[in-house]
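Here is a short briefing on one protein model. Take a look at the structure first, then work through the points by topic.

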Amino acid sequence: MYVCLCNQITDHEIRRAVEDGCSSMRQLRNELGVATQCGRCGNMAREILNEHRQSV
Ligand code: FES
């Protein structure tokens, strides 16, 4: 599922980034470019980050 349409970033890519060590929105932004354009994906990206961080 696409989370960030502007940059074509999927939930799978966000989870993988968390598994690879991303633990904040700032890191996700730097690593993947999520929420760097319109910003509409920010809330969903943060939810995925927080949920997945707890399960890693
Ligand atoms: Fe992610 Fe626009 S949908 S920056």
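Helices (H or I, at least four residues) and strands (E, at least two) are DSSP runs, numbered from the N terminus. This is a predicted model: local features need pLDDT of at least 70, side-chain atom pairs count only at pLDDT 80 or more, and totals for chains, interfaces and linings use all residues. Residues are numbered from 1 along each chain as its sequence is written, and side-chain values use heavy atoms, with hydrogens and water left out.

**Helix 3**

- Helix 3 covers residues 42-55, and Gln-54 lies in it.
- Helix 3 has 14 residues and reaches 20 Å from its first C-alpha to its last. That is close to the 20 Å expected at 1.5 Å a residue (the expected span is 1.5 Å times one less than the number of residues).
- Gly-42, Ala-45, Ile-48, Leu-49 and His-52 are the buried residues named in helix 3. Buried means under 20% relative accessible area, exposed over 50%, and partly exposed in between (1.4 Å probe, protein chains only).
- Seen down the axis of helix 3, the buried residues fall within an arc of 130°, so they line one face of the helix. The arc is that of the directions from the helix axis to the C-beta atoms.
- An α-helix has 3.6 residues a turn, so residues three or four places apart point the same way.
- The other side of helix 3 has Asn-43, Glu-51, Gln-54 and Ser-55 exposed.
- The cover over the buried residues of helix 3 includes strand 1, helix 1 and helix 2.

- Is His-52 buried or exposed? His-52 is buried, at a relative accessible area of 13%.
- His-52 is in contact with Arg-15, Val-18 and Glu-19, leaving aside neighbours within four places in sequence. Contact means heavy atoms within 4.5 Å.
- Gln-54 is exposed, with a relative accessible area of 70%.
- Gln-54 and Gln-27 are 27 residues apart in sequence; their C-alpha atoms are 17 Å apart in space.

- In helix 1, the buried residues are Asp-11, Ile-14, Ala-17 and Val-18.
- Seen down the axis of helix 1, these fall within an arc of 120°, so they line one face of the helix.
- They pack against strand 1, strand 2 (9-10), helix 2 and helix 3.
- How many salt bridges does a search of the whole structure find? The search finds one. A salt bridge is a side-chain nitrogen of Lys or Arg within 4 Å of a carboxyl oxygen of Asp or Glu.
- The side chains of Asp-11 and Arg-15 form that bridge, at 2.9 Å from N to O.
- Side chains of opposite charge can pair when their charged atoms come close.
- Asp-11 and Arg-15 are four residues apart in helix 1 (residues 11-19), so about one helical turn separates them.
- Asp-11 counts as buried at 14% relative accessibility, whereas Arg-15 counts as partly exposed at 30%.
- Just after helix 1, Gly-21 takes a positive phi of about 120°.

**Core and cysteines**

- The largest nonpolar core has 15 residues. Such a core is a set of buried Ala, Val, Leu, Ile, Met, Phe, Trp, Tyr and Cys residues joined through side-chain atoms within 4.5 Å.
- Val-3, Ile-14, Met-25, Leu-28, Val-34, Cys-41 and Ala-45 have the most contacts inside this core.
- Strand 1 (2-4), helix 1, helix 2 (25-32) and helix 3 each give two or more residues to the core.
- Leaving aside neighbours within four places in sequence, Met-25 is in contact with Val-34, Ala-35, Gly-42, Ala-45, Arg-46 and Leu-49.
- Cys-4 is buried at 3% relative accessibility, and Cys-41 is buried at 5%.
- The structure holds zero disulfides (a disulfide is a pair of cysteine sulfur atoms within 2.5 Å).

**Loops**

- Gln-8 lies in the loop between strand 1 and strand 2. Gln-8 is not a glycine, yet has a positive phi of about 50°.
- Leu-5 sits in the loop between strand 1 and strand 2, and is exposed with a relative accessible area of 65%.
- Leu-5 and Cys-38 are 33 residues apart in sequence and 9.4 Å apart in space, C-alpha to C-alpha.
- Ala-35 lies in the loop between helix 2 and helix 3. Ala-35 is not a glycine either, and has a positive phi of about 60°.
- Ala-35 is buried, with a relative accessible area of 17%.
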